[in-house]
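Dear colleague,

My notes on it follow.

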Amino acid sequence: MSQDAEAKLKEKGIVLATPGKPVANYVNAVRVGNLLYLSGKGPTKPDGSNITGKVGKDLTIEQGYEAAKLVAINHLAVLKAELGDLNKVKRIVKVLGMVNCADDFKDQPKVINGYSDLMVDIFGDKGKHARSAVGMGSLPMNIAVEVEVIVEIED
């Protein structure tokens, strides 16, 4: 039996904001068949500010983890806006997590676990996904983390 994503969201006390508008010439999501490709999102807080800085220099692994978790919440808001109901998610397929980090930082997977852990919390087994977690020399607006995701949805 599959987990009720909408109920799990409420249980965790997560309130989804209206997704932010893209900052350039792109859209938040593109549907191809039963796949939804979500554009990269950053750790934007409800007040519109971002978690910024380099993990391993300005931020701890734990702060990076929380930034990645916030990106997951922002992606859930995009999914909700696109689908109307998070229970239409069939599977989180592929996650690309990018960490703005110091040159010698080697724990990118621990940071992106913030994203992955929340997706599994919300969707259960449907939230388990293939993933890459990579370090970047910089990210737009000095955001700490950016993640893009591919999601399989119900027809």
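Helices (H or I, at least four residues) and strands (E, at least two) are DSSP runs, numbered from the N terminus. The model is predicted, so local features need pLDDT of at least 70 and side-chain atom pairs count only at pLDDT 80 or more, while totals for chains, interfaces and linings use all residues. Residues are numbered from 1 along each chain as its sequence is written, and side-chain values use heavy atoms, with hydrogens and water left out.

The end C-alpha atoms of α2 are 33 Å apart, which agrees with the 33 Å that its 23 residues should span at 1.5 Å a residue (the expected span is 1.5 Å times one less than the number of residues). Within this helix lies Asn 74, which is buried at a relative accessible area of 17% (buried means under 20%, exposed over 50%, partly exposed in between; 1.4 Å probe, protein chains only). Beyond its neighbours within four places in sequence, Asn 74 is in contact (heavy atoms within 4.5 Å) with Gly 42, Pro 43 and Thr 44.

Leaving aside neighbours within four places in sequence, the contacts of Phe 123 include Leu 76, Leu 79 and Ile 92.

Yours sincerely
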